[in-house]
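Trainee: Could you show me how to read pockets and a ligand site?
Mentor: Gladly; let us look together.

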Amino acid sequence: MADQKKFLLTENDIPKQWYNVQADLPEPLDPALHPGTGQPAGPDDFAPLFPMELIQQEVSQDRWIDIPDPVREMYRMWRPTPLIRAIGLEKALGTPAKIFYKYEGVSPVGSHKPNTAIAQAYFNKIEGTKRIVTETGAGQWGSALAFACQQFGIEAKVYMVKASFDQKPYRKSMMETFGGTVTASPSSETNAGRTILGQDSESPGSLGIAISEAVEVAAGDPNSKYSLGSVLNHVLMHQTIIGQEAILQMEMADAYPDIVIGCAGGGSNLAGISFPFVANNLAGKTNTRFIAVEPEASPSLTKGNFLYDFGDAIGMTPLLKMHTLGHSFVPNPIHAGGLRYHGMAPLISALFEAGVYEARAYHQTTCFEAAVLFASTEGIIPAPEPTHALKAAIDEALVAKETGEEKNILFHLCGHGHLDLSAYDSYFSGDMLDYALPQEEITEAMRSVPDLG
Ligand SMILES: *Cc1c(COP(=O)(O)O)cnc(C)c1O
């Protein structure tokens, strides 16, 4: 039976600053490299793509960065978000563990993505950008950016990964409702898209390919900028308002988390829920476990290599030191479209190498099984991506049942699945496939990665 306890904050508790984990890293991040020269990329290299404020945030070593008032005002539309103790789920599992989740599905588009979309649209607006071009996987990011751009009177153009464009038609409707323009990727509108279509006219697309298209269009138009919904340092930083709120809410619950869990596509929702808690570990105050959960079909942390690679499929973006499956890797069309990315945020990658994060991977059917149980005990239908975090939370709660330990488990429910119900249909009908990723595919894609160490 459904049974839960909510921990709610007031508007005054919305954080006033973003937390920048770069200030607390054991070692500084390796710099982004210019795609042509292989030398460290400077602010001028990024200027055609991003407003200067975001370029500065990307490399800032300040621990706290003020959230501008207009951004915080906008956050009030849906923040603070609830933190909920899943008592019904605990009972169903018979675990002595307490399971908490932070729920970002209450935002205007149903996920955590507007936290950074609003900030990025604002900084673009004050620097005079007329149009923002971006990519989207499952459509969550495109929806968030279209919404944010509309709020600040900027045009939004979105390249949507074709597999998701076909699977999730209502995401397009949502983007258009918020005034955005949507194109399925790979498209014939760009050189990048035409190149991919020339190799495979049936390509399902990938985030890497869609990024190539968006970057090409933004770089070719002085009134346009590009925007990324994950991976980059400033994007992860904007999401830290989630974890800051969660710290206050866990205090209300009188329960500090022993384990914090998030799904990991590019790393932004995981960073958002976890970095403020990671700060306490890095300061030696706590010993929390942090778990990144990936799909078996796109396992960049669990099976990828930690080295410099491009962020996009064609090799137009700066090179980032990260866990990668190779930029030419096209993941199978799993329903968790937001997790179909070849790389991983450099910040999450570095903290994984430093032993702060653990990582594991699951197949999608086992995640949907967990989601159906969760819907019955919590009355929320999760997006396909956070079903991976949910599955890990359940597994940890079952370990606690074995050992009899009263652990506090916090997982991130970063979005609802109301526009992903076709994925649930496919699970119920037995059509859902589990894709095992053969090592040869990774080896093949890694051949395209430049040898920069
Ligand atoms: C975009 C998205 C993801 C994947 O991106 P991260 O940067 O890893 O968070 C996961 N879940 C949802 C609901 C998303 O919208």
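Mentor: On a 1 Å grid over the protein atoms alone, a pocket is an open set of points with protein on both sides within 12 Å along at least five of seven lines, while a cavity is a set where a 1.4 Å probe fits but cannot get out; lining residues have an atom within 4 Å of a point. Grid points are joined across faces, edges and corners, and a volume is the space filled by probe spheres set on the points. The second largest pocket here has a volume of about 220 Å³. This is a predicted model, with local features needing pLDDT of at least 70, side-chain atom pairs pLDDT 80 or more, and totals for linings using all residues. Residues are numbered from 1 along each chain, and side-chain values use heavy atoms, without hydrogens and water.

Trainee: Which residues lie nearest the centre of the second largest pocket?
Mentor: Glu 27, Pro 28, Phe 306, Ala 350 and Glu 353, out of 13 lining residues.

Trainee: And what volume does the largest pocket have?
Mentor: About 550 Å³. Its lining has 32 residues, with Ala 32, Phe 46, Glu 58, Leu 232 and Leu 320 closest to the centre.

Trainee: Where does the ligand sit?
Mentor: A molecule sits in a cavity if more than half of its atoms lie within 2 Å of the grid points. The ligand sits in the largest cavity.

Trainee: Which polar side-chain atoms lie by its oxygen atoms?
Mentor: Polar contacts pair N or O atoms within 3.5 Å. One polar side-chain atom of Ser 230 lies 2.5 Å from a ligand oxygen, and one of Ser 268 lies 2.7 Å from a ligand oxygen.

Terms used:
Polar contact = N/O pair within 3.5 Å; in protein donor to acceptor, adjacent residues only side chain to side chain.
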